[in-house]
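Dear colleague,

Please find below the structure that I am handing over to you.

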Amino acid sequence: MMFFLILIIVIIIIIAFVHYNKHENDAPENEYTPTNKYVSVNKTIPAANVKRKSAAPFDGYMLSVALDSRTCLVCGLKDGRVFKTNTGALRHKCLNDYCRCVSVPVYKGMDFDDDDERAAMGGPVPANWTYEIWFNNQKNITKREILGSKYYNLFTTNNMTLSEITELVKNDIEFKESKAWINDINDGELSFSNLSLNDVLLNKINSDYEIKDCFYYYPTHSTGRHLRKIIRSREASNKPIEELYEILYVAGVISSLALPESQNIGTGCILEIIPGGSLFKLSIPYKEIGYEKIDFFTKGDWKVFNKLWGKPERHITLHEYYPEIYEFYENKFINEFMK
Ligand SMILES: [Zn+2]
Ligand SMILES: [Zn+2]
């Protein structure tokens with residue numbers, strides 16, 4: 001008797017299971033997107049948007065990158081590629097210090113709807129866009145930020161594809177270095193010839209890695225904070241610091257070349273596109289430029305400057321001192337990078 005009871009329960013369970021599966025198979029056809037394309041459940045897409053045929057065979061791992069300017073080209077070009085294993089997807093040499101790639105499982109027969117989107121810097125893009133498509137749709141200023149000025153110039157003048165420029169970049173062990181703002185020296189763009197160039201300071205920065213690190217980007221208030229920290233720690237160990245104050249001074253003066261917001265453009269910092277190395281070679285006379293009109297400097301800085309170099313004759317910004325530089329790059333920005 002007990003045996004039959006158990007048998008009946010088992011039969012009921014089997015019937016319920018078969019019925020459930022049948023029901024899933026009977027789902028209306030329009031819930032699927034009938035295509036054989038391999039598309040993944042990207043973490044940026046709500047899972048519910050992805051229609052999956054039941055019993056869809058698992059098909060591997062797709063590499064997915066962040067669509068932003070910090071993703072390196074090597075990772076970027078692998079975006080959307082499907083690998084057999086998780087480790088296979090993530091095994092590649094990233095050009096950055098660390099790689100932010102993720103791998104996501106892929107099932108055959110999965111696809112996105114036409115209106116599905118993928119998160120990206122500057123706003124969502126269609127879900128089926130890869131990094132390369134995203135890159136090609138970026139403004140020139142973003143392409144330059146990703147490639148650095150040296151490779152951006154090669155890329156545009158030779159009309160290269162993203163894979164062609166990536167091949168060059170991959171073989172350049174100094175690629176990251178070449179993107180550094182301070183390493184960008186292009187005297188040819190704007191004629192600096194009427195100004196007295198000064199390589200000494202630039203060489204000092206380039207030979208001191210701790211200081212050079214502060215100038216990976218154009219000088220901002222945070223550059224000032226970093227420099228002052230280095231100065232304090234070296235002062236504590238009785239190292240000479242006048243040279244470091246000279247660097248702090250020039251950095252602050254350079255920051256005053258840019259208006260907080262360009263009046264003609266509305267947004268965007270012109271300093272970003274000016275070759276940083278060239279600016280450090282400019283003649284920046286303390287007596288004529290002073291410090292009071294430059295908000296980079298603190299009252300503490302003023303005191304040290306006075307002690308080291310005396311009171312300046314006047315106070316202006318670099319923007320006022322070399323108006324032609326800003327004007328040149330503002331026009332360049334409008335003509336080349338607003339596209
Ligand atoms: Zn990667
Ligand atoms: Zn990478």
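The notes below set out what was found, beginning with the chain as a whole.

Please bear in mind that this is a predicted model. The chain contains 16 helices and five strands. It has 339 residues, and 27% of them count as buried. Where contacts join residues at least 6 apart in sequence, 68% of these contacts link residues at least 24 apart.

An open sheet is formed by three strands in the order 2-1-3, and their pairing is antiparallel. Strand 2 (82–83) and strand 3 (102–107) are at the edges; each has a single partner strand, so one side of each has no neighbour in the sheet. Strand 1, residues 58–64, is joined to strand 3 by six bridges, and the two run antiparallel. L63 has S103, in strand 3, as its bridge partner.

Helix 5

Helix 5 covers residues 140–157, and E145 lies within it. Is E145 buried or exposed, or does it fall in between? E145 has 18 other C-beta atoms within 10 Å. A residue needs 20 or more to be buried and 12 or fewer to be exposed, so E145 is partly exposed. E145 and I273 are 128 residues apart in sequence, yet their C-alpha atoms are 8.9 Å apart in space.

Helix 10

Helix 10 has 16 residues, 221–236, which at 1.5 Å a residue should span 22 Å. The C-alpha atoms at its ends are 23 Å apart, which agrees with that expectation.

Which residues of helix 10 are buried? They are T223, G224 and L227. Viewed down the helix axis, these buried residues fall within an arc of 95°, so they line one face of helix 10. Helix 11 (242–255) is included in what covers the buried residues of helix 10. On the face turned away from the buried side, helix 10 carries the exposed residues H221, S222, R225, K229, R232, S233 and A236. After helix 10 comes N238, which has a positive phi, near 60°.

Yours sincerely

Terms used:
Residues are numbered from 1 along each chain as its sequence is written. Chains are lettered from A and ligands numbered from 1 in the order in which they are written. This is a predicted model: local features need pLDDT of at least 70, side-chain atom pairs count only at pLDDT 80 or more; totals for chains, interfaces and linings use all residues. Helices (H or I, at least four residues) and strands (E, at least two) are DSSP runs, numbered from the N terminus. Two residues are in contact if their C-beta atoms, placed from the backbone, lie within 7 Å. Two strands pair if DSSP finds at least two bridges between them. The expected span of a helix is 1.5 Å times one less than its number of residues. The arc is that of the directions from the helix axis to the C-beta atoms.
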